[in-house]
Amino acid sequence: MFTTDTPTMTPEETSRALIQTLPLFEMMRMRASTTARRHATLGFASDEPGSGMRWVNQFTHTQRLLGPTDREVVSPNNDTLYSNAWLDLADGPVLIESPDMGERYWTLGLLDAWTNPFAYVGRRTTGNRPQRTLIHGPGWNGPVPPGVTTVIAAPGHDVWLIGRMLVDHSAADHERVHALQASLKLLRPDGQPAASRLDARLGLPATGTPTVEHYLAAVAAGLRRNPVPAGETLHWPPTAAGLSSALTQVFDELRRSDQPHDLGGGWALPVTVRTHWGQDHLTRARVARNLIGALGIEEAMYAVAEVDASGQALDGSRPCALRFAPHQVPKVDAFWSLTMYRRSDCLLVDNPIGRHSIGDRTPGLRWEADGGLLIRMQASDPGPDANWLPTPPGDTFYVVLRLYQPQAQHLSLQHEYPPIRPI
């Protein structure tokens with residue numbers, strides 16, 4: 001429920017309302033910064049250079065794995081190529097056509113405007129066969145076109161679609177994934193391309209704390225198209241003066257107060273959502289501020305380690321090792337990987353062998369006789385018999401253990417994660 005007939009809010013009420021709406025603001029900010037002004041065949045969304053009009057209902061694809069020189073995305077994965085689209089469902093449903101994916105891991109995660117990862121298309125949920133998925137907004141009840149394999153009801157008119165396709169570190173497999181990406185289509189029910197224009201409210205700051213005017217305008221635009229999630233009551237807007245005093249404090253606190261779930265052994269889980277955040281507005285806001293675009297843990301779990309077994313920060317000047325005993329090896333239905341990041345900027349680490357992650361798909365991985373796995377993390381080469389994940393020389397680092405389609409013992413938080421130990 002959304003109400004505007006409220007008396008002046010106290011500072012505490014203003015902060016709560018800000019935390020509640022912050023995910024909606026961040027999604028509007030993300031859409032403004034990632035939608036295209038120019039379409040490959042239809043041209044510019046507007047002839048006016050300062051216009052906020054942008055193209056939506058079209059895919060954009062990354063064509064390579066991100067590396068140490070890429071600075072736009074923090075903590076990028078080293079496993080998949082991305083496909084992204086912003087959906088506008090206000091004028092009717094959108095069809096997603098996807099090809100036969102063979103045995104490849106892939107997923108299209110759908111986030112509503114409040115960052116709830118409410119639905120998925122892909123290997124785990126709908127399979128790898130060719131399929132046609134109809135996505136519609138609230139209030140739509142029209143006919144379902146022939147050949148549709150899945151119908152998904154979105155809670156609002158704005159949806160962020162984030163796709164991932166597993167790719168090997170080879171030119172040939174990159175070409176195969178590029179062809180699969182090109183086969184993804186967004187269409188109207190009549191089969192015509194779905195690309196359309198939308199005012200993306202440009203002028204929002206790409207990062208950092210927004211102005212009161214930017215915040216109020218973005219939230220108002222979001223609320224017009226995306227109802228408050230079921231079960232929530234939002235009192236909005238606060239006074240401009242009250243919002244002004246709360247913005248900087250809340251945005252700074254959410255950046256600093258990262259309180260992930262402790263998994264033991266120095267490991268933590270920043271995100272535990274499945275399909276809906278429910279009433280946990282604070283965690284929803286923290287993730288929107290720091291990890292926007294996070295999917296649910298049934299699709300992928302991200303365990304993070306920043307310290308070793310003694311609680312010391314991981315440092316490239318001190319060699320260390322991670323040993324999975326046989327019962328500790330990650331249990332997944334797709335695959336897992338361990339990725340190295342420099343702590344100072346949250347980016348991948350340049351190294352002589354060009355290896356940024358190691359996992360169950362790494363060529364030449366050496367398993368121990370009992371089925372265990374030892375990974376050496378250090379700046380210098382430990383020799384040809386080691387499973388080596390290079391660290392940044394003289395700099396602190398952290399690692400992210402990604403589990404794609406984790407099995408039940410991970411989802412129930414019962415899995416034992418071994419600590420990283422100094423050598």
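A: A salt bridge here is a side-chain nitrogen of Lys or Arg within 4 Å of a carboxyl oxygen of Asp or Glu. The model is predicted, so local features need pLDDT of at least 70 and side-chain atom pairs 80 or more, while totals for chains, interfaces and linings use all residues. Residues count from 1 along each chain as its sequence is written, and side-chain values use heavy atoms, leaving out hydrogens and water.

Searching the whole structure turns up 18 salt bridges. Start with Arg 71 and Asp 345, whose side chains meet at 3.6 Å, N to O. Arg 71 sits in the loop between β5 and β6, and Asp 345 in the loop between β20 and β21, so this pair ties together parts 274 residues apart in sequence (strands are DSSP E runs of at least two residues and helices H or I runs of at least four, numbered from the N terminus). Arg 71 is exposed, at 54% relative accessible area (buried is under 20%, exposed over 50%, partly exposed in between, with a 1.4 Å probe and protein chains only).

Next, Glu 306 meets Arg 343 at 3.2 Å, N to O. Glu 306 is in the loop between β18 and β19, Arg 343 in the one between β20 and β21, so parts 37 residues apart get tied together. Glu 306 is partly exposed at 33%, and Arg 343 is partly exposed at 35%.

There's also a network: shared partners join Arg 31, Asp 88, Asp 158 and Arg 225. Within it, Asp 158 bridges to Arg 31 with closest N and O atoms 2.9 Å apart. Asp 158 belongs to strand β12 and Arg 31 to helix α1, 127 residues away. Asp 158 is buried at 3%, and Arg 31 is buried at 4%.
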